[in-house]
Amino acid sequence: MTPDPTGYIRGNDLILKRTFRAPIDDVWTSLTSSKHTALWFGGWEGDSGPGKVVRLQLRYEKGQPWTNLMIEECEAPRRLVVTMKDDYGEWRIELTLTQTNDKTELRFVQPLSDRKAAGDIAPGWEYYLDMLVAAREGKTLPSFEDYYPSQKAHYLAFTDD
């Protein structure tokens, strides 16, 4: 199965969205509780809060490496901004939740230093956000090979201008 890419590039920002039929607090827990993040991204340890660093294990990456994750902003249950550095670069991720009636929208933004990198970076985030959806719904987790390199061209099309 090859899922259709859903994200886009605006300026230098990679933007992806997912919508959940769930209250905002429930989705927030999926993004911030180590027990829940371990199901789709990786568990973490340490004291959390703005200005603090936790250790995150990237459970679905080769070798399941550990990395430090700095919590820049945390405004429960609406906004989380984190940064991390690994062998592939520096990452700044902004997660914003908005609830309308019985649905909560997750807006994911990653500023890119080089828009052309979107072809390699965005399919990974599509994969992880679909992992989040599958984990929340109790479904089989997707395979990264379904996302990359098949979604690369979609994101490179945004870098032509």
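A residue counts as buried when its relative accessible area is under 20%, as exposed when that area is over 50%, and as partly exposed in between, using a 1.4 Å probe and protein chains only. With that in hand, let's walk through the charged pairs of this structure.

The model is predicted, so local features need pLDDT of at least 70 and side-chain atom pairs count only at pLDDT 80 or more, while totals for chains, interfaces and linings use all residues. Residues are numbered from 1 along each chain as its sequence is written, and side-chain values use heavy atoms, leaving out hydrogens and water.

There are 11 salt bridges here, each being a side-chain nitrogen of Lys or Arg within 4 Å of a carboxyl oxygen of Asp or Glu. In one of them, Arg18 meets Glu126 at 2.7 Å, N to O. Because Arg18 sits in strand 2 (residues 13–20) and Glu126 in helix 3 (residues 118–137), this pair ties together parts that are 108 residues apart in sequence. Helices (H or I, at least four residues) and strands (E, at least two) are DSSP runs, numbered from the N terminus. Both Arg18 and Glu126 are buried.

Arg136 is partly exposed, at 26% relative accessible area, and Asp26 is partly exposed at 36%.

Next comes Glu73, which forms a salt bridge with Arg79, with 2.9 Å between the closest N and O atoms. Glu73 is partly exposed at 25%, and Arg79 is partly exposed at 22%. Finally, back to Arg18: salt bridges with shared partners join Arg18, Glu126 and Asp130 into one network.
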